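Visitor: I am new to protein structures and would like a guided look at one. Could you take my questions one at a time?

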Amino acid sequence: MPSIKAALSKPFAKLIAKRINKWASQPVETQDKVFQNLIKEASNTVFGKDHKFNTIQSYEDFKNLVPVRDYEALRPYVERVVKGEENILWKGKPIYFAKTSGTTSGAKYIPITKESMPTHVEAARNAILMYIHETGNTKFVDGKMIFLQGSPILEEKHGIKLGRLSGIVAHYVPKYLQKNRMPSLETNCIEDWETKVNAIVEETVNEDMSIISGIPSWVQMYFEKLIEKKGKKVGEIFKNFNLFIFGGVNYEPYRAKFENLIGRKVDSIELYPASEGFFAFQDKQDQKGMLLQLNSGIFYEFIKAEDFFEDHPERITIKDVELGVNYVMLISTTAGLWAYNIGDTVEFTSLKPYRVIVSGRIKHFISAFGEHVIGKEVEQALKEATANTDITVNEFTVAPQINPSEGLPYHEWFIEFENEPKDELRFIQDLEASLQKQNSYYFDLIEGKVLRPLVITRIKKDGFQSYMKSIGKLGGQNKIPRLSNDRKIADSLNDLKLTK
């Protein structure tokens, strides 16, 4: 017999689904209300005054007055907020900063306000409620739930608390879920990831786990340690485990591996959360894509990815997007981000309602495990590792190896040397040290033994030229991508490897 909590979840899910369907069926009107509210509420901020918000009457006015910015371009404003100044990007002061790995100059501080914080929590809750409404499945409601996340311990800077987003969100788990939630606060506060996972295994191995949530690479490590301890598949250990919730990276490369680790198929819900906002979640099990959150204090703009680096690319709203086109997504939010480029590219899989998939990044990157390594970071690492040495490199590219024949996954560096390192181990160590210093996510993955240190694969002399010629891109402005988030280029280089 279902519990009271399980019984009540169905009518609550029905109510939430009705509310979501209402705004989802009026997308343009919904976004217009969000836009008008954002301009009105921020008119008296420093940013609002600098950009003449009091004169903005239309989206066209906004485009003319507010240029597209990334974090580096917005940094002068953010730094004033970090110093404790009020009414800079949004009214008052933020209640949190989500601290993330910087891509060019140190840490990034993404503001979270009292207006924006609830939308992070509600979207995560609504994703589960829409699943209940669609499937009628409430069995998991009474089981234990685990959310693999960062430490909830927060620092403070000028009266504003800061930490990783997952650690901040941990403080907002609803009371009715607290009793079912795992791991314990004490375990959740463990900083060392491997120690933390071992503690989580000990706490959960004999529990009735029904929901497991987290970034796939982290969850994979948890599953493998469970199997190592019990000698059984995860689906046997947790007989009522039937819902996997994930976000952060593309799940497809992991799907076959997970089904093998679990021993059976389980339903899954994909989320699209970020420090800058909770943008979308999977609202239907049988539909591709995630429902874009149009009623969450976020105003969306889009630029075709192929046009993005032109001088004046066209900016459009959801009204004018098309299916299957790769767009750079821009956001303006109740946290005070304006025409802000988060770096992601998306494609629409449906326009009624608006659903998206994350198609990649506007710049080349690797984030197969949530590490967000970018071109500048690998180039800087190579520069530092070859400084004051005789090593010279003709060309290189980096790709993730998710499913190695043995051992942990790793980043594979394909390098064509002009002058090889005399001490390869030292060279690898220097590359590793630089990359870990630049990117805290990558450091955490190495420290937590989710990844092992990088592996170098040598490429024959003129091998990259041969590759570029083979794809018709030799010469001109064509360049080998420094990074790929898949193995397409890596696999094409197989015949060009240098054998010792």
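This is a predicted model: local features need pLDDT of at least 70, side-chain atom pairs count only at pLDDT 80 or more; totals for chains, interfaces and linings use all residues.

Visitor: Is Leu129 buried or exposed?

Guide: The cut-offs come first: buried means under 20% relative accessible area, exposed over 50%, and partly exposed in between, with a 1.4 Å probe and protein chains only. Leu129 has 7% relative accessibility, so Leu129 counts as buried.

Visitor: Which residues does Leu129 touch, not counting residues up to four places away in sequence?

Guide: Touching here is a contact, which means heavy atoms within 4.5 Å. With residues up to four places away in sequence left out, Leu129 touches Ser9, Phe12, Ala13 and Ile16.

Visitor: How far apart in space are Leu129 and Gln287, C-alpha to C-alpha?

Guide: In sequence, 158 residues separate Leu129 and Gln287. In space, their C-alpha to C-alpha distance is 17 Å.

Visitor: Is Ile262 buried or exposed?

Guide: Ile262 is found in helix H13 (residues 252-262). Not counting residues up to four places away in sequence, Ile262 touches Phe223, Lys233, Val234, Gly235, Glu236 and Phe241. Glu236 is 26 residues away along the chain, with 7.7 Å between the two C-alpha atoms. The relative accessibility of Ile262 is 3%, so Ile262 counts as buried.

Visitor: Why does Ala170 count as buried?

Guide: Ala170 is found in the loop between helix H7 (165-169) and helix H8 (175-178). Leaving out residues up to four places away in sequence, Ala170 touches Gln149, Pro152 and Arg181. Ala170 is buried because its relative accessible area is 5%.

Visitor: Where does Lys52 lie, and is Lys52 buried or partly exposed?

Guide: Lys52 lies in the loop between helix H3 (46-50) and helix H4 (59-65). Its phi is near 55°, a positive value in a residue other than glycine. With a relative accessible area of 49%, Lys52 is partly exposed.

Visitor: What is phi of His158 near?

Guide: His158 lies in the loop between strand E4 (155-157) and strand E5 (160-163). Phi of His158 is a positive value in a residue other than glycine, near 50°.

Visitor: Which residue does a cis peptide bond join to Met182?

Guide: The place to look is the loop between strand E6 (181-182) and helix H9 (185-188), where Pro183 lies. The cis peptide bond there has omega of about 0°, and the residue joined to Met182 is Pro183.

Visitor: What is omega near for the peptide bond from Lys352 to Pro353?

Guide: Pro353 lies in the loop between strand E14 (340-351) and strand E15 (354-361). The peptide bond from Lys352 to Pro353 is cis, and its omega is near 0°.

Visitor: To finish with the whole chain, what is its radius of gyration?

Guide: The chain has 18 helices and 20 strands, and 52% of its 500 residues count as buried. The radius of gyration is taken over C-alpha atoms, and the globule rule is 2.2 Å times the number of residues to the power 0.38. For 500 residues, a compact globule would have a value near 23 Å, and the chain agrees with this at 24 Å.

Conventions. Residues are numbered from 1 along each chain as its sequence is written. Side-chain values use heavy atoms; hydrogens and water are left out. Helices (H or I, at least four residues) and strands (E, at least two) are DSSP runs, numbered from the N terminus.
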